[in-house]
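Please look over the sequence and the model shown here before reading on. The report below starts with the protein as a whole and then turns to its ligand.

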Amino acid sequence: MGHLNQRRILLAISGGIAAYKGAELVRLLKKHGAIVKVILSRGATEFITPLTMQALSGEPTHTELLDETAEAGMGHIELARWADLMIIAPATADVIARLAQGRADDLLTTVALATPAPVAVAPAMNQQMWAHAATQDNIQQLVSRGIQLIGPDAGEQACGDVGPGRLLEPDSIIMALNTRYETRLLEGKRVVITAGPTREAIDPVRYLSNHSSGKMGYALASACAAAGANVELISGPVTLEAPDRVVLHSVTSAEEMCEAALALAEGADIFIGAAAVADYRPAVMANEKLKKHGDGLELRLIENPDIIARVAQSPGRPTLLAGFAAETHDLLEHAREKRIRKGLDMIIANDVMAPETTFGSDQNAVYLITDLGEAPLALASKRVIAEQIVAALAAQLVA
Ligand code: C5P
């Protein structure tokens with residue numbers, strides 16, 4: 001799967017003849033694993049119906065700024081916060097002008113103003129309108145504010161003209177959206193990540209383990225690879241597929257994970273301990289399946305090695321070490337203490353009691369704690385959180 005998998009994409013379609021290509025765009029975004037919601041401007045509804053977009057996206061289509069069906073009547077803010085990325089395609093000359101002015105006179109422009117997510121714009125208009133100095137000035141303004149410009153394409157236009165101004169083909173738009181996630185922030189760096197749970201054998205058929213899904217570690221592996229790093233992922237047993245361009249080392253127990261980590265971490269640039277390592281293992285593993293005797297069973301447990309702390313003390317210590325602190329109370333205090341005790345450069349603290357960030361969730365909300373300072377990362381998909389962690393690690397690497 002590419003970078004759009006599980007990404008919440010808000011597609012805003014404005015009123016031009018190319019609006020019909022929005023249908024294909026939704027289909028392709030869904031094919032790439034994205035979760036898509038659609039905004040249609042009033043003009044767009046003249047070209048394509050909300051029902052078509054609803055059927056293709058599987059989500060209600062939004063057309064009005066004042067939406068009495070939305071919770072507390074704040075549909076535009078909910079949509080703005082929901083999005084991981086907003087793409088306006090096609091973007092007419094009028095919408096581009098209104099975006100440049102920061103207007104908020106319909107749902108599309110209001111959400112574009114209210115969203116904290118990155119915004120991409122794929123223009124579509126007559127070649128003369130595209131070439132006009134007013135449009136070019138507006139585009140320059142949008143680009144200088146960090147808006148991603150996708151296209152336009154050149155060629156034959158609906159009006160019979162030939163020239164630049166056509167909406168880029170949907171598959172090229174998808175490609176452009178994908179490339180925005182290739183940050184190259186960790187170009188050529190070697191990153192080692194532990195992820196998932198470990199399993200500690202009791203006998204040949206039973207084990208002790210925990211609820212870790214591995215999603216956060218895998219999202220980090222994927223984000224590091226997208227940033228240009230060479231990534232080695234040491235993973236306990238999970239049901240996830242290895243991300244593209246990541247070397248997977250599958251392990252089962254904490255001892256196996258520790259051995260792999262010490263070997264691979266030597267001289268690495270970054271080590272991230274995202275695994276939920278079992279703290280204890282049975283002192284002895286029975287060679288045969290334990291039988292029921294009717295009088296209970298006592299298991300003696302012994303402590304597993306603290307993998308990340310060992311890596312921190314190893315002679316080939318990586319330049320940066322980042323670990324997680326999953327806490328149920330006094331989050332920051334425990335996390336700060338853990339960072340110092342384990343000898344880490346960064347600790348990522350998350351509250352596992354909050355229902356939206358518990359084990360197995362696709363979302364997370366964390367605090368980054370480093371010796372340079374502390375910063376909260378608001379609730380977002382694990383993928384977006386991973387990208388923010390990568391940006392913070394890259395910054396710390398050069399600090
Ligand atoms: O001590 P605690 O389990 O809360 O610490 C969490 C951090 O330490 C995580 O980064 C986890 O991957 C790492 N850890 C480890 N080996 C252990 C226990 C935790 O690497 N045995």
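## The protein as a whole

The protein has 13 helices and 19 strands, which are DSSP runs numbered from the N terminus, with helices (H or I) of at least four residues and strands (E) of at least two. Along its principal axes, the C-alpha trace spans about 80 × 50 × 35 Å, and 51% of the 399 residues count as buried, a term that stands for under 20% relative accessible area with a 1.4 Å probe and protein chains only.

This is a predicted model, in which local features need pLDDT of at least 70 and side-chain atom pairs count only at pLDDT 80 or more, while totals for chains, interfaces and linings use all residues. Residues are numbered from 1 along each chain as its sequence is written, and side-chain values use heavy atoms, with hydrogens and water left out.

## The shell around the ligand

The residues surrounding the ligand include Ala-274, Val-277, Pro-305, Asp-306, Phe-324 and Lys-342, each with a heavy atom within 4 Å of the ligand. At least two residues of this shell come from each of α11 (307-313), β16 (320-327) and α12 (331-342).

## Polar atoms and cover

Oxygen atoms of the ligand lie 2.5 Å from a polar backbone atom of Gly-273 and 2.9 Å from a polar backbone atom of Ile-308, and a polar side-chain atom of Lys-338 is 2.4 Å from a ligand oxygen. The protein covers 85% of the 440 Å² of accessible area that the ligand has on its own, by the Shrake-Rupley method with a 1.4 Å probe.

Key. Polar contact = N/O pair within 3.5 Å; in protein donor to acceptor, adjacent residues only side chain to side chain. Buried < 20%, exposed > 50% of the residue type's maximum accessible area, 1.4 Å probe, protein only.
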